[in-house]
Structures are given as C-alpha cells and as structure tokens.
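Colleague: I'm new to this one. Could you walk me through how to read a few of its features?

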Amino acid sequence: MDERIMQRVATTAGPLQSLSREELELDVRPVTKDPQPKRAKVWVRFGGTPLLVDATVTSWTSTAAAVQFEIAETEYRAWVWASAVREA
C-alpha cells in the first residue's frame with residue numbers, strides 16, 4: 001500500500017487496536033519470544049480501518065502475535081490474532 005495512504009490512515013482513522021488482556025490470556029497461555037524476530041505481512045487496525053503492513057513478529061502465543069512496524073518513521077506495537085499474520 002502507498003506509504004502516504006498508510007500515514008493518513010495511521011494519523012486520522014483512530015488509535016492502533018491491540019488485543020486486550022482478556023483476549024490474550026497471558027496468565028494461562030505461554031509466550032514465546034523470538035531471539036531473531038521474523039518479518040511478516042500483518043493485518044492491523046487503526047480505529048476501524050484495516051491495513052496490511054510489513055512488520056516484525058517479536059513474540060507469540062498459540063492464538064496471538066506481538067508485532068512491531070513503522071509508518072512514516074513512527075514505530076507501532078500491537079498484539080494481533082495469529083490469523084492476521086502471513087509470511088513475508
């Protein structure tokens with residue numbers, strides 16, 4: 001997607017959405033942290049607007065992944081459902 005469109009969505013569509021503590025269930029699901037994080041294509045949402053971004057997967061559970069990515073030199077971090085992550 002065009003970087004200008006992504007920047008506009010990130011600044012106007014609302015905050016980056018991340019899974020809640022209840023959804024993550026980190027108290028019952030083990031978290032794996034990758035010493036060599038992997039690149040991936042990831043669906044994220046700013047407000048209600050979805051974007052497919054190039055991201056790095058830093059940690060995961062059986063149902064979710066922690067990702068980080070940049071848009072216009074701003075770094076973002078979020079937890080997303082595992083099904084939102086695709087190989088790069």
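Colleague: Which residues does Gln-7 touch, not counting residues up to four places away in sequence?

Modeller: Keep in mind that this is a predicted model. With those neighbours set aside, Gln-7 touches Ile-71 and Ala-72. Gln-7 itself sits in helix 1, which covers residues 3–12.

Colleague: Is Gln-7 buried, partly exposed or exposed?

Modeller: Its relative accessible area is 37%, so Gln-7 is partly exposed. As for Arg-45, 38 residues from Gln-7 along the chain, the two C-alpha atoms are 13 Å apart.

Colleague: Now the rings. How is a pair of aromatic rings described?

Modeller: You give the distance of the centres and the angle of the planes. In this structure, a search of the whole model turns up 3 aromatic pairs. One of them is Phe-46 with Phe-69: the centres are 6.3 Å apart and the planes stand at 85°, over the 60 degrees cut-off, so we call the pair edge-to-face. Phe-46 belongs to strand 1 (residues 32–46) and Phe-69 to strand 3 (residues 64–71), and they are 23 residues apart.

Colleague: What geometry does Phe-46 have with Tyr-76?

Modeller: That pair is edge-to-face, with 5.2 Å from centre to centre and 85° between the planes. Tyr-76 is in strand 4 (residues 74–81) and Phe-46 in strand 1, so the pair ties together parts 30 residues apart in sequence. Put together, Phe-46, Phe-69 and Tyr-76 make one aromatic cluster.

Colleague: Why does Phe-46 count as buried?

Modeller: Because its relative accessibility is 1%, and buried means under 20%. Tyr-76, at 16%, is buried too, and so is Phe-69.

Note on methods: Residues numbered from 1 in each chain as written. Predicted model: local features only at pLDDT ≥ 70, side-chain atom pairs only at ≥ 80, totals over all residues. Heavy atoms only, no water. Phe/Tyr/Trp six-rings, centres within 6.5 Å; stacked < 30°, edge-to-face > 60°. Helix = DSSP H or I, 4+ residues; strand = E, 2+ residues; numbered from the N terminus. Buried < 20%, exposed > 50% of the residue type's maximum accessible area, 1.4 Å probe, protein only. Contact = heavy atoms within 4.5 Å.
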